[in-house]
Amino acid sequence: MEEYILVVEDDYKSQQLLQQFLTSNGYKVDCANDGLEGIQMYKDRNYNLILLDIVMPNLDGFSMCKMIRKESDVPIIFVTALSSESDQIKGFDLLCDDYIVKPFSYNLLIKRIEAVLRRSKEDKAGVYLTFEKIKLNLKTYSAEIDGKIIDLTLKEFNILKSLIENYPQVVTREKLLDSIWGYDYFGDTRIVDAHIKNIRKKIILPYIKTVKGIGYTLQKDI
């Protein structure tokens, strides 16, 4: 599986050297010239890792990192000339995954990237639940389709989670009521149907199949 890295660096020479070196080591690389361009590119593609300078025009690296961390745990490595302890502490307070000070060894950079990507894969192994194009983050209770966030309520999220966990079994309306609304809920099971209807509108994919008189299951793309 190809791994995509976004390099956000305003110095053209440094940007090109990073791109050439990373490409020669098997990574797919996109480059942005400042933080604003970097944010737009981050939104347009699902990157495996971001290399981020700090001192840049329009939007600095600290601000870009802060914006990304509000919605994503994509690995971020600061690559910067700012070497003070306070700057490094600020970077880690913003939840960066590593902080590399210029000038640096390119061979060491590759090892640091490999280590961060390895940790990221290990961390995500138990965090995400996936079905076809749907990805649920069990830590943040967020849902994505092709990298785009889908705005689900907590009950909608838990219904989708239950359907994925039980696939390919059929999940009855009663079971969904018990597990999500609680055993003390005595309302009409049609509340489940209403939530399923809302989920279908939001994901806009024909994954949820109604089993008449019983409940729901998932079906894969044909």
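Predicted model: local features only at pLDDT ≥ 70, side-chain atom pairs only at ≥ 80, totals over all residues.

Student: Which strands are the edge strands of the open sheet?

Tutor: The open sheet has five strands with parallel pairing, in the order 2-1-3-4-5. An edge strand pairs on one side only. That gives strand 2 (28-32) and strand 5 (98-101).

Student: What is the bridge partner of Ile 5 in strand 2?

Tutor: Strand 1 (residues 4-8) and strand 2 run parallel and share five bridges. Look across from Ile 5 into strand 2 and you land on Val 29.

Student: Which strands does helix 1 touch?

Tutor: Helix 1 (residues 12-24) packs on the sheet, and its direction makes about 170 degrees with that of strand 2. Its contacts are with strand 1, strand 2 and strand 3 (49-52).

Student: Which residue in the hairpin turn has a positive phi?

Tutor: Strand 6 (residues 128-131) and strand 7 (residues 134-137) are antiparallel, with four bridges. Phe 131 sits opposite Ile 134, and two residues lie between the strands. The one with a phi of about 50 degrees is Glu 132.

Student: How are helix 6 and helix 8 oriented to each other?

Tutor: Helix 6 (residues 154-166) and helix 8 (residues 190-203) pack with axes 10 Å apart, at an angle of about 85 degrees. Angles of 65 to 115 degrees count as roughly perpendicular. So helix 6 and helix 8 are roughly perpendicular.

Notes: Residues numbered from 1 in each chain as written. Heavy atoms only, no water. Axes fitted to C-alpha atoms, helices over the stretch in contact; angles between N-to-C directions. Parallel < 35°, antiparallel > 145°, perpendicular 65-115°, else oblique. Pairing = 2+ DSSP bridges. Contact = heavy atoms within 4.5 Å.
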